[in-house]
Amino acid sequence: MKKKLKANTKGLNTLEGVYVPTLLTILGVIMYLRLGWVVGNVGLWGALAIIVLAHVITATTTLSMSSMLTNIKIGAGGAYAIIARSLGMEMGGAIGIPLYFSQAISVAFYIAGFSELWVTFFPSHSFIIVGMIVWAVLTAVSIISTKLAFRVQYFILAAVVLSIVSFLIGPSLNDGPMVLSGSMADASFWATFAIFFPAVTGILTGATMSGDLENPGKSIIKGTIAAVVTGFVVYMLLAVWFARQATADLLLSDTMIIFKLARFDFLIIAGVMGAVLSSALSTLVSAPRTLAALAEDRVIPLGTFFAKKTKKGEPLNAILISSAISLVVIVLGNLNSLAVLLTMFFLTTYLMINLVVLIEQGTGISSFRPTMAMSILVPLLGTLGCLAVMLLINALFTGITIVTIIVIYSVLKRKNLVSPFGDVRSGVFVALTEWAAQRIMKTPFHPRLWKPAVAIPVESPEDFRRIARFVRNLVYRSGRLYYMTIFPETTMDESQKEAIDEVLAPILTEHIFVQKVFVQSDRFDKMIVQALQCFENSFLPPNMVLLTISDDPEKRDRFKVLINDLKHTRISVMCLWLHPKFGLGSEQKINIWLREKSRNNDLAVLSALKLMNNLRADITLYRAVGHESKKVKVEKELTNFIEAARLPGNTQIKVLNGNFYELLKTETADLTILGMPGKYEDILKILDTAPGSVLFVASGGFENILA
C-alpha cells in the first residue's frame, strides 16, 4: 500500500488561492464596459440567454475538471497537468505551450487595458510609462511572494464589491419600461455572445496554481465552482439592473454608462481598474507555473533552467521570462488582432479538459473512478459547446489554433517523451478498429488502463452456462471475454457451434467484447497453456484466465497440474469454486481477505469492484492478525488504502485476531475473494472451511488498484 501524499501546509488556501483570483478574473472589464451594451443590443431576455449559455459551457468545463481532480493527483501545472496525465505529454505540451504564451501575453493586454483607463482619467500621463510602471510593480510582487500577490487581491475584491453596490444604489436614467427586447442593431445575437464570452473564461486561474495550494484537489473544485456560481449570480443581477436603470439608446451609445448609473463614480473607477489589475496579477503569477511544469516534464528546451525554484518555491526564472514577454508586448503597442487568437487557445484548453473526461468515461477504463462522478452528457456538452463558441467567435482563428496544436504535437511526438504516469491513449486506440490496432501495439501498457479481459477454458457449453452470470458481472460493461474450447475431430460440427452461440447469446446482446477460440487437441489442459502463450503477443490479449474448481476428484487432479503449469505464463489466474448448495447466494455480500504486501491484493480488489458495481453488492475488507495489539495499526492502514484506492464510501473493514481458517469459517459471504495459496493442499483446506463460494486470484503483475 502506498503512503498518502502530504498536503502542502504552507500553500494557499481555497479562498485566496482559487476563489478570489478566479472570481476577479470573471468580474472584469466586460462586466463594467460591455454588459450594458449587451443588454441594449439584445434586450434583457437575450442578455440572460447569453449569460446562461456562456455559463453552461464554463460550468460543464468546471465540472469536468473537478471530476478529473477527484481521479488523479494533479501536482503542478493546472490544465496542462490534467491533459498530460490523460492524453499523454505530447498532447499536454501541444495545449500547454500555446496556453502558456496566451497567459504571458494576456498580462500585457490587461496592463494595456489598465493604462488606457488610467490615461482616460489622467490624459496628461504617458500610456507607455504607466504600463511600464504597472508592469514593474506586478513583477516585483510576483517575485517577492505568491501569497502577497494573492492577498493584495482582497483589497481589489473589496473595491469591486463596493463598485457593484454603488451601481445598485445609483440613480435611474430610464423613465419607461425595462429593456426586455433589443433590435440587435449593432451586432447579431451570436456576435454579441462572442463579445461577452471572454468574461467567463477565467475558470483556470485557480487550477494553474495547483502546485502552490495546500490541498489542490479540494481547493480547485470548491473555489472554482463557488466562483462560477457567484459570477453567474452577479451577471444575472446586473443585467436586470441595466435593463431597469437605462434606456436601450443609452446602453447602446455609451459603453461607459455604468459611471453615470452609479451613486459614486469613483468607486466604479476603483472597481474597474482593480479588476483589470487583478487579472494581470493573477495571470502573471499563474503563467510561470505553467512554464515551470512544462520544463519539469522536459517538454520544452532548457527544462532545468525554467524549472529552477527559489527557497520559497517561486519559479524565479519562469517568472522573469514571462514578465519579459509581457513587457515586449506592452512596448510593441496595440495587438488587438492577437487577442482573438489568445481567446482561442484558452477555449481550446477548456475543450480538451472536457474531451479528456469524455474519453476516460467513454472508454470505461477501471482507473477512471472519480469520487465526483457525473453523466457523460456533461463533458459531451462542454466539448461541443467550446467548439461551437470557437467557430462563432472566428472560424479562421479556430483553424489556425487547431493547426498550431497539430504542429506542436507532431514536433513533441518526435522527441519520444517518457511519461512517468499512465494515460488513456491506449484505451482510445482499442476503441478505434484496425487503424488503432497498429498504434496500441506500440503503446506501453500501464496499470491504470487495466480492465478485465478474461479467458475461460470450457469443456462444454453447459459448463459455461453454470458460471455465465458470474462472468457477465465480472466483464460488463467494458471488459472482454475469450471463450476457449477444444474439439478432437478435424472440424467442429454445426450443432456444437450452435450450442456455444446459444450460451453466449445473453452476453453478446449486452455488447460485451467476446472472442471464441477453438483449438483442435486431445488434451484440454495442455491446450489451455499453449493457447494462452500464443495470446501473449497478440492484439488485445486476455490479461487473466478464469478456471472453475470441480468437486470431481479426477478433475481436481487435472486442476492441480494446470495451475502449476500456468505459473510459467505471463497471465493472472482466477479460480472460482461455486458452493454446491448456495452458489452465489443473494449476490449482495463480498468479502475480500487481504494479506500484507501481497501482490494479489490489487487483482482481488479490482475484481470485487467490477462485481460490486454490476451486482450492487457490499464489500468488506478483511485482515487476520496474530495479536490483538496490531488491530489499530492495521485498521488505519486499511482506511488509508480505501481512500488511496478510491473505493466506495460504504466499504467496510474488519481486522480479526486469531487463526485464519477459524475466522474464515465464521465470516459468511455470498463470495469470498482471496489470494491464491502457494500450496494446493491449502486451496482444498479453504474450500472445506469457507461457508460460501470462493474466488482465488493470482496476479500476473499487471494490476494496480492505486493507479
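A search of the whole structure, which is a predicted model, turns up three cavities of 30 Å³ or more. Rolling a probe the size of a water molecule over the atoms shows where empty space is left. The second largest cavity has a volume of about 60 Å³. Which elements give two or more residues to its lining? They are strand 6 (589-593) and helix 24 (601-615). The lining is made up of Phe470, Leu584, Glu587, Gln588, Lys589, Ile590, Leu611, Leu615, Asp670 and Leu671. By type, the lining of this cavity divides into six nonpolar residues, one polar and three charged.

Glu587 sits in the loop between strand 5 (572-577) and strand 6. Its phi is positive, at about 60°, although Glu587 is not a glycine. Most residues other than glycine have a negative phi, and most peptide bonds are trans. Is Glu587 buried or exposed? Glu587 counts as buried because its relative accessibility is 14%, and the cut-off for buried is under 20%.

Met184 also has a positive phi without being a glycine, here about 55°. Met184 lies in the loop between helix 7 (146-168) and helix 8. With a relative accessible area of 38%, Met184 is partly exposed. The peptide bond between Tyr476 and Arg477 is cis, with omega of about 15°. Arg477 belongs to the loop between helix 20 (461-475) and strand 2 (480-487).

Now step back to the whole chain. The chain holds 27 helices and 10 strands. Its C-alpha trace spans about 100 × 60 × 50 Å along the principal axes. Of its 707 residues, 56% count as buried. Take the contacts between residues at least 6 apart in sequence: 81% of them join residues at least 24 apart.

Helix 8 (residues 189-196) shows such burial at a local scale. Thr192, Phe193, Ala194 and Phe196 are buried there. What covers them? The cover over the buried residues of helix 8 includes helix 2 (29-33), helix 3 (35-69), helix 9 (216-245) and helix 16 (377-393).

Next comes Ser106, in helix 5 (residues 89-121). Ser106 has a relative accessible area of 7%, so this residue is buried. Beyond residues up to four places away in sequence, Ser106 touches Thr283, Leu342 and Phe346. An α-helix has 3.6 residues a turn, so residues three or four places apart point the same way.

Ser550 lies in the loop between strand 4 (544-548) and helix 23 (553-566). At 25% relative accessibility, Ser550 counts as partly exposed. A polar atom of its side chain lies 2.9 Å from the backbone nitrogen of Asp552. Leaving aside neighbours within four places in sequence, Ser550 is in contact with Lys555 and Arg556. The C-alpha atoms of Ser550 and Trp577 are separated by 7.1 Å, although the two residues are 27 apart along the chain.

Last, the cysteines. How many disulfides are there? The count comes to zero, with a disulfide taken as a pair of cysteine sulfur atoms within 2.5 Å. Cys534 counts as exposed, because its relative accessibility is 64%. Cys575, at 0% relative accessibility, counts as buried.

Note on methods
Residues numbered from 1 in each chain as written. Predicted model: local features only at pLDDT ≥ 70, side-chain atom pairs only at ≥ 80, totals over all residues. Heavy atoms only, no water. Helix = DSSP H or I, 4+ residues; strand = E, 2+ residues; numbered from the N terminus. Buried < 20%, exposed > 50% of the residue type's maximum accessible area, 1.4 Å probe, protein only. Contact = heavy atoms within 4.5 Å. 1 Å grid on protein atoms, 1.4 Å probe; cavity = no way out; pocket = protein on both sides within 12 Å on 5 of 7 lines; lining within 4 Å. Points joined across faces, edges and corners; volume = space filled by probe spheres on them. Nonpolar A, V, L, I, M, F, W, Y, C, P; charged D, E, K, R; others polar. Polar contact = N/O pair within 3.5 Å; in protein donor to acceptor, adjacent residues only side chain to side chain.
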